[in-house]
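Hello,

Here is the structure I promised to pass on to you. Please have a look at it first, and then read my notes below.

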Amino acid sequence: MQKLYIILLVLIVVSCNSESNKEDGKSMSEKPIKSTELDNEVASLLSKMTLEEKVGQMTQITLDVVTKGDNQYSSSQPYKLDSALVYKAIHTYKVGSILNTPGVPLSRQDWYKTIKTFQDEAAKTPRQIPIIYGIDAIHGVNYTIGATLFPQQIGLAATFNKDLVKEAAKISAYETRASSIPWNFSPVLGLGRNPLWPRLWETFGEDVYLGKTMGVAMIEGYQGTLGDPNTVASCMKHYLGYSVPLSGKDRTPAWIPERELRQYFLPAFKEAVDAGSVTLMINSGEINGVPVHASKFLLTDVLRGELGFDGIAVTDWADINYLHTRHKVAETIKDAIKMSVNAGIDMSMVPHDFEFSELLVELVKEGSVSEERINDAVSRILKVKMQLGLFENPVTDPKDYPDFGSDKFAEVSKKAAVESFTLLKNKNNILPLEKGAKILVTGPTANTMRSLNGGWSYNWQGSEADNYAKDKNTIAETFTNSGNATFIQGVSFEGENNINEAVKAAKQSDVILLCLGENSYTETPGNTNSILMPKDQIDLAKALSKTGKKIILVLLEGRPIIFNEIEPLVDAVFMGYLPGNYGADALTDLLFGIENPSGRLPINYPKHPHAFVNYNHKHSDNISVPNYYDSDYDQQYEFGDGLSYTSFEYADLSISSKEMNQDGSIEVSVNVTNTGSRKGKETVLLFISDLYASITPEVRALKGYDKITLDKGESKKVSFTITKDELSFVNENLETVAEPGDFEIRIRDLKKKIKLK
Ligand code: BGC
């Protein structure tokens, strides 16, 4: 009887959908009908819900709304829930989701109590639908006290080690569930192709292939088998084209031709959808004059129709309201809600009030938003809640997660930091250092956990890292603890200046460890008008170089800070990115040769302030006229650069065939030998160049990579498979094609030509 009832309900829902699809001009046959058990359960629950309950499920508020404090924008400390406000949110407005921290990180026990309170309230509602709590656990569960913080995404990309990224994500998921939270707003799948952008470090760098493969590894690590209480729902973000605002400033307009959107920005999302990511967050910005939150084309036609995404699409922070207040495409907030819900959003990160719920109910009643659209959104939300097992187990208990913050997790974080540090210069093999070397540690990033962790660390801007991570080592601490080192700040982010003292100390030392870069930031507070290295840091470097002592430069920064003025003055350069809580320990091991560097740059490192070019640029980016003017394409360091303390020789590049049919494949292999004096890890990078094409081809593009470990004297054969996919691009008609013709395959300086028929 029950089954019959469910089947009837499914039929009703399906027939409603077919009505709405007709309105959209699409026939139902384009949409596969899924009749899994889960869908039936969803349909059954949905059929019992009132409109207000459904709209409540689509509403996400921030934690401050239900805490004690002056208003909905802040919580008083110590943080406490306000039971009347919790009641209002869950019973009156029936909200389905809550996010964020109350401005400070919480202990696991506080997270547990908080989320349990919500779930207990939700259990008293007629439908007993659990809340889905979401958090930005972007490099570990960074809003939980004592959590394992990993390198930020840009550093993870620099490892070129997918297994390690997956392992880090798995630990992050475990520790997020240990904090009773089942939904993680990560990973960022935008490409970091504008070095000014203050969230560049939240990306996997500038390359399509690296970004999409790392994204999949991270999603697999987070989600494992969804429903397992050690895993979380991932949230790929920010769909689509968020990372390349023309001005470089966060949330300002981007201009991206559709061809480029499809070739560069869509693939990572496509792969992530195929890998099963169950949620997605939308880009706050506008592309070509259309705010993405209002784009039915991107949110419905491309995301649902082409990519086949059937999970939750959540807005970013207050972005529906911004359609009215910032982007000015909606005359009222109500119009903005109508626009965005009809474009295809499922959940609104409102996050400060209940206007969304009230106005959306009105819009449905007036017929401006169809109930089918609401059913569609709510079905997806309910489905993810079911997939996560929240109905059976609404709150995970920290006591079931004994490995939280354990040494074994710290080891993985340190390993990731070790593999992320990228050695870009090592003049006369100054590194590794002799054990007894007398070191001066100096510079604004030397003695702060903020520059190791970046934003989204303990709080939004990472400004409390020195307080909450005081048991972890800064660079100055690891070196002074390990013996023969002195620390003098030199210059600080607060404007203090004791360069003279640093110079004095340098004279007494064998070598200078100069730590430059940036303080922590993210999003719009991190906007900048210049990524030139600040004058006081340059002054410090210049003053120190006058001592004649060797200088090892360590860069801790979220984006490439231009330092061409002092590059010739330093003997070694280590790009550290934002390596996390164990970054300093990793660096010590690397400098003393306990570890061998293996990171590679996931971005081009610009040399000049007005000449930003990505590595896979076009041939016409490099127009040089001999004896007249120099090449325009002049980088400080290039994507893929990174040295080791050992040396690797590449030989015998071979291909299984010189020709390939459109449905064929070619095996490529190369022998790599460790010809140096110590064990090392090497990332083998395979680049392909399309020699002639109907759209100007890129000079080269990464199409494969593999990280291997070789003992001294050891050789390994590394193989790759090339199919049509690796030879394709998006043509003028917006089709992904591989045009017949010649292609060049390159692994380091070895090259082979193949022909596609
Ligand atoms: C950011 C998102 C983040 C969200 C929730 C927004 O301001 O753009 O990346 O997930 O806040 O914290």
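**What I found**

Of the 757 residues in the protein chain, 60% count as buried. Please keep in mind that this is a predicted model.

Let me begin with the chain as a whole. The protein chain has 21 helices and 28 strands. Its radius of gyration is 27 Å, close to the 27 Å that the globule rule gives for 757 residues, so the chain is as compact as a globular protein of that length. Along the principal axes, the C-alpha atoms fill a box of roughly 80 × 65 × 45 Å. Among the contacts with a separation of 6 or more, 78% are between residues 24 or more positions apart. The accessible surface is about 29,000 Å², and carbon and sulfur atoms make up 49% of that. As for charge, there are 80 positive and 98 negative charges, and their mean positions lie 2 Å apart.

Five strands form an open sheet in the order E20-E28-E27-E22-E23, and the pairing is mixed. Which strands stand at the edges? They are E20 (659-660) and E23 (701-710); each has a single partner strand, so one side of each is left without a neighbour in the sheet.

At the E20 end, two bridges join E20 to E28 (residues 750-756), and these two strands run parallel. The bridge partner of Glu659 is Lys755 in E28, while Met660 has Leu756 of E28 as its bridge partner. On going from E28 to E27 (residues 741-747), you will find antiparallel pairing over seven bridges. In that pairing, Arg746 has Lys751 of E28 as its bridge partner. E27 and E28 form a hairpin with two residues between the strands, and Arg748 in this hairpin takes a positive phi near 45°.

Among the helices, I would point you to H20 (residues 535-545). Gln537, Ile538, Leu540, Ala541, Ala543 and Leu544 are buried there. In an α-helix with 3.6 residues a turn, residues three or four places apart point the same way. What do the buried residues of H20 pack against? Their neighbours are strand E12 (439-442), helix H19 (499-507), strand E14 (511-517) and strand E15 (550-556).

Finally, some backbone details in the loops. There is a cis peptide bond between Ser186 and Pro187, with omega about 5°. Pro187 sits in the loop between strand E4 (183-184) and helix H8 (208-223). Another cis peptide bond joins Val350 and Pro351, with omega about -15°; here Pro351 belongs to the loop between strand E10 (348-349) and helix H13 (355-366).

Positive phi values in residues other than glycine are also worth a look. Lys328 has phi near 60° and lies in the loop between helix H11 (319-325) and helix H12 (333-343). Is Lys328 buried or exposed? Its relative accessibility is 62%, over the 50% cut-off, so Lys328 counts as exposed. Leu734 has phi near 65°, and its place is the loop between strand E25 (729-730) and strand E26 (736-737). With 33% relative accessibility, Leu734 counts as partly exposed.

Definitions and conventions. Residues are numbered from 1 along each chain as its sequence is written. This is a predicted model: local features need pLDDT of at least 70, side-chain atom pairs count only at pLDDT 80 or more; totals for chains, interfaces and linings use all residues. Side-chain values use heavy atoms; hydrogens and water are left out. Helices (H or I, at least four residues) and strands (E, at least two) are DSSP runs, numbered from the N terminus. The radius of gyration is taken over C-alpha atoms; the globule rule is 2.2 Å times the number of residues to the power 0.38. Buried means under 20% relative accessible area, exposed over 50%, partly exposed in between (1.4 Å probe, protein chains only). Contact means heavy atoms within 4.5 Å. Accessible areas come from the Shrake-Rupley method with a 1.4 Å probe; for residues, only the protein chains shown count as cover. Lys and Arg count as positive and Asp and Glu as negative; His and the chain ends are not counted. The place of a charge is taken as NZ of Lys, CZ of Arg, CG of Asp or CD of Glu. Two strands pair if DSSP finds at least two bridges between them.
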